[in-house]
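Welcome! Please have the sequence and the 3D view ready, and try each exercise before you read its solution.

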Amino acid sequence: MGDIGKTTLAIEVYNHGSMLRRFDVRAWATVSQQHNIKEILLSLQQSTIKMDDMVKMKGEAELAHLLQKSLKRKRYLIVLDDIWSCEVWDGVRQCFPTEDNAGSRILLTTRNKEVACYAGTENLSMQINFMDQDESWNLFKSVAFANVALPSRFETIGKQIAEKCHGLPLTTAVVAGLLKSKRAIEDWENVAKDVKSFVTKDPDERCSRVLRLSYNHLTSDLKTCLLHFGIFLEDSEIPVKRLVRSWMAEGLLKLENDLEGEAGKCFQELVDRCLVLICKKSRDGTKFRSCKVHDLIYDLCVTEFQRENILIMNNIVLGVSERGNLSMQKMQPFKCVTGDEINYCPYGLYRALLTPVHRQLRDHDNNDLLKRTRSILTFYPKDSIYGPKLELIHFKLLKVLDLSDIVIASSLYRY
């Protein structure tokens, strides 16, 4: 199941000092249910060679050969996080050389025991169980109390809350993060009452309700910043610099001065509340390099986007016009292209954010959609992308254009 701590444990292992000393190469790829083999290979390549536009444009076979070549005669640690099917393992296993690579290791995380057995790790697999009461309380205490001594009444209520989290690490940490900044006993009693009311046998549903409780206690700024994770692709590792710059460009922060400082505070607050997971830090450990959110938090972000009608999130699929130029083929209201469907977008996939309207949008409302588009971001650039013509003149309200993932041939443009 989700929320049991598989990815968190894998991150701890991956970033441990002994791993840095032991392995010549460490590489991480998040697979997820909607997987894309090329993106998995590119994720692994980022840690093995210097990435450039030419590498990003190679096909799966070339990338697989390049990865195998870069790992040969090196001691490597590969992490494949959140594998859902045996087919994914078959698709990448040949990339990992076994000759002259003594001491190399591959770590998989999966919800599917069949995948673990199929990968040949039956005797080397670890089943992560629910936390017991002592473990739950220790986790809760380390987050909520933050080394601050509180009256015994807080401890009594805290133990009741930790018990009602049913041994789920994410649920426990998020509730504790919510209470970290609250020092009134009435607040703790109210949260305890809410958590106790979440009576359901489905652990994912119970966790989702706790996450919503934590979300409802956020300030309006923090809510908006958290929901912004929903515009990125699910399970994607997001550069922190790209995220906070996106917050600033979208105007999500109220301060007019020191926007970067305010963005940093908001990000740290979400981390402290255990709503954001840190993936990579700087070498000295003082700066955050990349981050992600748990699947259930991502689902919450997407749901709240639509429920509160904050903005409309569409995908733009690029196609080829009769003249052979790349142009916008279609916008798909409230439909996200994921997983294998991305392979049918050979000329690229963009995500557009639009100002909301109070009527149902239809597929043929493209002209209206264009006029209300305020942001465009690139995802999953493909082999053939060379500066597609998005006819930006029609995007009259456009304020954010993020082309950081795309290969742009400057010779194609004339200003």
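**Exercise 1.** Does His-166 count as buried, partly exposed or exposed?

*Solution.* Begin with the ground rules. This is a predicted model, in which local features need pLDDT of at least 70 and side-chain atom pairs count only at pLDDT 80 or more, while totals for chains, interfaces and linings use all residues. Residues are numbered from 1 along each chain as its sequence is written, and side-chain values use heavy atoms, with hydrogens and water left out.

Next, recall the classes: buried means under 20% relative accessible area, exposed means over 50%, and partly exposed is in between (1.4 Å probe, protein chains only). His-166 has 38% relative accessibility, so the residue counts as partly exposed. To find His-166, look in the loop between helix H9 (152–164) and helix H10 (169–179). Helices (H or I, at least four residues) and strands (E, at least two) are DSSP runs, numbered from the N terminus. One more detail: the phi of His-166 is positive, near 55°, although the residue is not a glycine.

**Exercise 2.** Describe the chain as a whole.

*Solution.* Count the elements to start with: there are 17 helices and 11 strands. Then turn to burial, where 48% of the 415 residues are buried. The accessible surface comes to about 22,000 Å², and carbon and sulfur atoms hold 48% of that area; such areas come from the Shrake-Rupley method with a 1.4 Å probe, and for residues only the protein chains shown count as cover. Finally, take contacts (heavy atoms within 4.5 Å). Of those between residues at least 6 apart in sequence, 67% join residues at least 24 apart.

**Exercise 3.** In what order do the strands of the open three-stranded sheet stand, and why do E1 and E3 each have a side without a neighbour in the sheet?

*Solution.* The order is E1-E2-E3, with parallel pairing. Strand E1 (25–30) and strand E3 (105–110) are at the edges and have a single partner strand each, so one side of each lacks a neighbour in the sheet. On average, neighbouring strands are turned by 10° against each other, direction ignored. Axes here are lines fitted to C-alpha atoms, for helices over the stretch in contact, and angles between N-to-C directions run from 0 to 180 degrees.

Now check the pairings; two strands pair if DSSP finds at least two bridges between them.

**Exercise 4.** How many of the eight residues of E2 are buried?

*Solution.* Eight of its eight residues are buried, and E2 is described as mostly covered. Asp-82 belongs to this strand. With 9% relative accessibility, Asp-82 counts as buried. Its phi is near 65°, a positive value in a residue other than glycine.

**Exercise 5.** Which residues of helix H14 (residues 240–250) are buried?

*Solution.* List them along the helix: Val-240, Arg-242, Leu-243, Val-244, Ser-246, Trp-247 and Glu-250. To read such a list, remember that an α-helix has 3.6 residues a turn, so residues three or four places apart point the same way. Then step past the end of H14 to Gly-251, which has a positive phi near 75°.
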